[in-house]
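Here is a walk through one protein model, taken piece by piece. Keep the 3D view open and follow along.

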Amino acid sequence: MGGRDQIPQPQLLFVFLSVLLTLATTSYGVNVTYDNRALLIDGKRRVLVSGSIHYPRSTPEMWADLIQKSKDGGLDVIETYVFWNAHEPVQNQYNFEGRYDLVKFIKLVGEAGLYAHLRIGPYVCAEWNYGGFPLWLHSIPGIKFRTDNEPFKAEMQRFTAKIVDMMKQEKLYASQGGPIILSQIENEYGNIDSSYGPAAKSYINWAASMAVSLDTGVPWVMCQQADAPDPIINTCNGFYCDQFTPNSKNKPKMWTENWSGWFLSFGGAVPYRPVEDLAFAVARFYQLGGTFQNYYMYHGGTNFGRSTGGPFISTSYDYDAPLDEYGLIRQPKWGHLKDLHKSIKLCEEALVATDPVTSSLGQNLEATVYKTGTGLCSAFLANFGTSDKTVNFNGNSYNLPGWSVSILPDCKNVALNTAKFEDFIRIYLTISDCNPIGQTLFGSSIHPCYASLIASANLDAQMELINSMTVIPSFVHQSLKGDADSADSLSSSWSWIFEPVGISKNDAFMKPGLLEQINTTADKSDYLWYSLSTAIKDNEPLLEDGSQTVLHVESLGHALHAFVNGKLAGSGTGNAGNAKVAVEIPVTLLPGKNTIDLLSLTAGLPNYGAFFDLKGAGITGPVKLKGLENGTTVDLSALQWTYQIGLKGEELGLSSGNSQWVTQPALPTKQPLIWYKVTSNFGWLAIDELSLTKYGIHNIIKPYVMILPVLM
């Protein structure tokens with residue numbers, strides 16, 4: 001009897017189960033494109049809310065929680081930069097472990113059911129050391145950063161392709177079934193491209209073409225790049241992007257950086273952006289046709305180690321974000337934005353179905369309507385003045401507080417007003433003419449004033465209304481006891497090691513003249529010793545003035561400490577506005593040999609601006625001895641100087657543990673260059689330098705307030 005061969009029943013069952021297992025473990029790709037209104041995911045327009053979380057600024061143990069809190073807050077997308085200098089600290093030697101495990105981070109985003117926007121750059125700015133560029137890049141012969149320069153383009157393409165290939169190998173692009181729906185090439189180049197002349201245009205065209213050729217299967221964007229060539233989407237960064245227009249009628253209106261606050265500079269005020277203003281900016285953006293908005297930052301985190309840029313940018317990158325530096329929910333910002341996102345999502349079907357129609361309701365008053373022929377209707381009523389107003393819309397009366405937007409998902413009922421907190425503490429704004437977070441602090445136009453915030457509910461009511469409020473234990477604050485010459489009360493928990501003044505390492509070297517610091521240290525350390533021994537004759541005119549001799553030192557920054565004959569003579573520091581240092585320090589010279597040891601410090605390498613990579617640091621001179629009485633001047637700049645990169649304590653690995661720490665009943669005070677270590681039963685210790693200074697304990701190496709993990 002003829003017929004087809006039959007598979008035995010047990011074998012057939014095995015084949016069936018194998019097919020089911022394959023189907024269960026296979027991720028199917030989605031098609032991500034765009035049109036004039038929005039990103040399209042499998043052909044469906046989407047209104048998306050995004051937030052930035054930079055994986056190296058938190059720990060892997062925090063990532064899943066941060067991502068979940070972002071999802072709970074109403075986000076659809078997590079956005080992150082890729083940090084070249086973290087991943088390739090030495091050319092062709094890569095690091096994707098621990099805090100730099102990019103693949104793990106993106107996978108966690110996908111596992112949470114969120115999308116990812118991968119901003120490869122590879123220039124990132126981000127207040128990150130050297131803008132994310134590895135310093136070895138600077139040493140490649142003939143290289144010029146961020147312009148039509150073959151050595152630079154070769155390195156940029158190599159690293160960008162490596163990151164794309166890693167993502168492809170792990171099937172992390174949406175086209176492969178992964179979470180990545182967008183990628184970014186370059187970063188805010190349009191802000192400074194005029195400085196690079198005609199080469200800027202050819203560079204941008206090359207960068208766009210190179211990125212597209214990598215075939216990720218998802219769109220690419222360029223932020224702040226008005227001339228971004230097709231098919232690259234140009235996007236907006238800023239405090240407000242409602243008036244932004246893409247450079248093509250075929251591209252959607254997208255906002256890649258909505259600044260939730262600002263970064264903190266050493267010595268500066270802690271930046272703060274009221275949630276009412278942030279919510280207003282978001283609502284106005286969606287009101288006027290935007291469909292993708294990203295908070296920069298949603299969680300800022302911490303600049304660990306020496307990763308902070310600057311100079312003089314703090315180790316905290318809190319950014320007044322909805323999730324604070326430690327990953328805790330910041331109320332009322334997180335909660336109010338969550339309600340805002342819900343309200344916007346109620347309008348999504350109408351927002352993506354048609355174009356907005358905006359009309360005036362009076363001075364500084366607007367209504368925008370999204371209405372379809374099928375009866376869908378959503379509206380936004382905006383008051384961009386500072387006075388409360390009542391408006392009539394569709395036969396109904398609505399109260400609009402100053403600087404606010406009301407969202408009406410059905411064109412009738414208000415789901416949310418951006419100035420009102422519906423589900424927890426109501427905070428009312430007292431509007432005046434001041435501008436605490438405006439042009440002076442941020443360099444960008446912003447609402448004329450948020451003068452004060454007044455909580456209307458008492459503490460008990462607040463806790464009832466905000467059941468999600470994170471409560472943290474109070475800090476234990478113990479004042480230092482004892483007189484100014486003693487710190488015995490601290491000796492039970494403090495240890496120390498003296499740092500030698502001047503040259504103490506075997507790898508010191510001599511060079512004539514004063515060396516620029518960044519090129520000399522290659523960013524292996526923040527510290528560079530400049531040491532000189534000079535002989536002063538008995539009849540030297542400088543000795544005639546005695547104590548009236550002055551040591552004059554000029555430095556490109558960022559701080560310096562001057563020692564003469566082993567003793568601290570004086571110090572100087574720059575600031576975030578001007579990193580340069582110039583000091584004139586009275587010194588006492590002796591007949592015979594005199595040593596001058598200058599310790600120069602960097603406080604984060606530059607990360608922004610045209611040709612930022614060419615900004616130097618360190619003592620470039622002149623260095624002079626000046627007699628104030630007789631006008632005698634001796635220029636020491638061109639003499640033979642001895643150099644030491646880094647401190648002895650760094651070489652010994654003191655920060656990671658060392659057996660040479662000294663613990664005795666009395667803690668040495670009123671002495672420079674001491675490493676201190678503290679042990680405690682607490683998990684963390686806050687060190688208030690003002691209190692320490694009272695007892696003569698000066699952090700002369702890094703003169704800033706510190707938050708240290710306690711060595712247990």
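Which hand does the crossing of α7 and α8 have, left or right? The crossing of α7 and α8 is right-handed. Keep in mind that this is a predicted model. Helix α7 covers residues 275–287, and helix α8 covers residues 333–346. Their axes come within 10 Å and cross at roughly 15°. Angles under 35 degrees count as roughly parallel, so α7 and α8 are roughly parallel to each other. Now look at the side chains between them. From α7 come Val275, Leu278, Ala279, Val282, Ala283 and Tyr286. They meet Lys333, His336, Leu337, Leu340 and Ile344 in α8. By class, this contact has nine nonpolar residues, one polar and one charged.

Next, move to helices α5 and α6. Helix α5 spans residues 150–169, and helix α6 spans residues 199–213. Their axes are 11 Å apart, and the helices pack at an angle of about 25°. α5 and α6 are therefore roughly parallel to each other. α5 passes α6 in a right-handed crossing. On the α5 side, the contact is made by Phe152, Lys153, Met156, Gln157 and Thr160. On the α6 side, Tyr203, Trp206, Ala207 and Met210 take part. The residues of this contact divide into six nonpolar, two polar and one charged.

The crossing of α2 and α4 is right-handed. Pro60, Trp63, Ala64 and Ile67 of α2 make the contact with Lys104, Phe105, Leu108 and Val109 of α4. Seven of the contact residues are nonpolar, none is polar and one is charged.

Now leave the helix pairs for a pocket. What volume does the second largest pocket have? The value is about 880 Å³. Its lining has 42 residues. Among these, Glu127, Phe263, Ile313, Asn607 and Tyr608 lie nearest the pocket's centre. By class, the lining of the second largest pocket divides into 22 nonpolar, 15 polar and five charged residues.

Finally, check the backbone. Most residues other than glycine have a negative phi, and most peptide bonds are trans. Start with the peptide bond from tyrosine 296 to methionine 297, which is cis, with omega near 10°. Methionine 297 lies in strand β11, residues 292–299. The peptide bond from glycine 621 to proline 622 is also cis, with omega near 5°. Where does proline 622 lie? Proline 622 is in the loop between β28 (592–601) and β29 (623–627). Then turn to tyrosine 319. Its phi is near 65°, a positive value in a residue other than glycine. Tyrosine 319 is placed in the loop between β11 and α8. That brings the tour back to α8, the helix whose axis crosses that of α7 at roughly 15°.

Definitions and conventions:
Residues numbered from 1 in each chain as written. Predicted model: local features only at pLDDT ≥ 70, side-chain atom pairs only at ≥ 80, totals over all residues. Heavy atoms only, no water. Axes fitted to C-alpha atoms, helices over the stretch in contact; angles between N-to-C directions. Helix = DSSP H or I, 4+ residues; strand = E, 2+ residues; numbered from the N terminus. Parallel < 35°, antiparallel > 145°, perpendicular 65-115°, else oblique. Left-handed = near helix turned anticlockwise from the far one by under 90°. Contact = heavy atoms within 4.5 Å. Nonpolar A, V, L, I, M, F, W, Y, C, P; charged D, E, K, R; others polar. 1 Å grid on protein atoms, 1.4 Å probe; cavity = no way out; pocket = protein on both sides within 12 Å on 5 of 7 lines; lining within 4 Å. Points joined across faces, edges and corners; volume = space filled by probe spheres on them.
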